[in-house]
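Q: I would like to learn how to read a protein model. Can we go through one together?

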Amino acid sequence: MLMKYELSYWEKESFFKDIDFAIIGSGIVGLSAAIHLKYLNRKHRVVVFERGALPAGASTRNAGFACFGSMTEILDDLSHMSEDEVLAVVEKRWTGLQRLRAMLGDENIEFQQAGGYEMFTVAEAEKFKQCEERIPELNEKLGRITACKNGYQIVDERIAEFGFSGIEHLILNSPEGQVNTGKMMSAMLEKAKEKGVEIFNGIGVQYLEDENSTVRLGTEAGWEISAGRVIVAVNGFAKKLLPELDLYPARNQVLLTQPIQNLKVKGCFHYDRGYFYFRNIGDRILLGGGRNLDFKTEETDGFGSNELIRTALQKLLTEVIYPDKPVLIDRWWTGIMGLGSVKKPILEKTSSNVVAAVRMNGMGVAIGTLIGQEAAELVNS
Ligand SMILES: Cc1cc2nc3c(=O)[nH]c(=O)nc-3n(C[C@H](O)[C@H](O)[C@H](O)COP(=O)(O)OP(=O)(O)OC[C@H]3O[C@@H](n4cnc5c(N)ncnc54)[C@H](O)[C@@H]3O)c2cc1C
């Protein structure tokens, strides 16, 4: 049960006085914003309030794909967004990845450009054909962003090398990569502390009141804090603080296998329009997704699990991805994403001193650093 208590005079005066910028949420977006605010003016007092003992949303619980668009995802986006909008999202993802790498260093986040692959079964022959036809055009358009001439390539000859069963075609997106999510987030926390950002864990913010010269934050513990300006970076949880936003939470399920001897799977893989994804982490397989099997139940900001989705993930693992031998599962977990009616982050002032930087649409590893930096510029303007 949540403990409610009064803030002592000492606590108020020493920890929570004269806050220039308060950031709610210590995920990729919140930390990137905090670091950038310190970069804009190192004298500013920048304080991050995080509800969890650790960041407790998506940033420490994701798959670590440094990806900016599989073929079917791009074609699907083009079916309901203009070409300019789709390319703008790709560009943000690409730029975000470059900023993430520049901020933390490839070694610290174990960035590897092992490529991203998309798999197609026999039943998906028509979908594959549509992708095949568009490869030259999309290579040309995305190549202008990534400076990679032939990003998408059909690499069916590699299916046997990875050991998959029932897969007919593979399309490689060569500039895509992967990061070590845990190392990325601990490096980001380190960087924030090194820059003088103060991070308070275990403080959930329940409401915000913008009073023009200052913003009042009401905490779950029952006391209030004031800050000059505020960035709300709580992604899938934002509706509770800013109910007017076009946003809903979406849970995603992940499994990790025990180590597998002579594992052939290397790189990041997308399947079924990106609803399923898997990669190797050393000699283990991380596999996640399946939200499309039960959209309604998964529209939640509660961790937990869904038996239907777990069963589907296990089936995909043992029948398609690693059909060779029985494989043991080490652990399961879930994370919460922020989605909305459009596939674009929300980055806007919701009142004169409050900026919302939320709705990362399941691509925050890629865009999160950039959106955080843009939020810092906006709140500082
Ligand atoms: C399973 C899974 C796999 C994914 N895989 C990928 C991938 O491979 N590549 C990719 O680009 N993206 C991926 N994503 C998406 C990516 O992880 C997110 O888009 C990104 O982490 C969002 O970062 P954020 O900082 O906006 O939000 P979060 O990381 O969710 O951070 C928000 C923080 O706010 C805190 N918070 C919430 N409410 C409050 C409150 N009221 N008061 C105080 N604190 C609060 C939460 O505890 C949380 O720590 C994945 C997501 C999931 C769930």
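Q: Which elements do the buried residues of α6 pack against?

A: First, the ground rules. This is a predicted model: local features need pLDDT of at least 70, side-chain atom pairs count only at pLDDT 80 or more, and totals for chains, interfaces and linings use all residues. Residues are numbered from 1 along each chain as its sequence is written. Helices (H or I, at least four residues) and strands (E, at least two) are DSSP runs, numbered from the N terminus. A residue is buried if 20 or more other C-beta atoms, placed from the backbone, lie within 10 Å of its own. Contact means C-beta atoms, placed from the backbone, within 7 Å. Here, the buried residues of α6 pack against α3 (71-80), α4 (83-104), β4 (116-121), β5 (152-154) and β6 (167-173).

Q: Which residues of α6 are buried?

A: An α-helix has 3.6 residues a turn, so residues three or four places apart point the same way. In this helix, Phe-128, Cys-131, Leu-138 and Leu-142 are buried.

Q: Where does α6 kink?

A: The bend at a residue is the angle between axes fitted to the seven residues ending there and the seven starting there. Helix α6 (residues 125-146) has a kink of about 50° at Ile-135, shortly before the proline Pro-136. Just after α6, Ala-147 has a positive phi of about 60°.

Q: How many helices and strands does the chain have?

A: The chain has 11 helices and 18 strands. Of its 381 residues, 46% count as buried.

Definitions and conventions. Buried ≥ 20, exposed ≤ 12 C-beta atoms within 10 Å, placed from the backbone. Contact = placed C-beta atoms within 7 Å.
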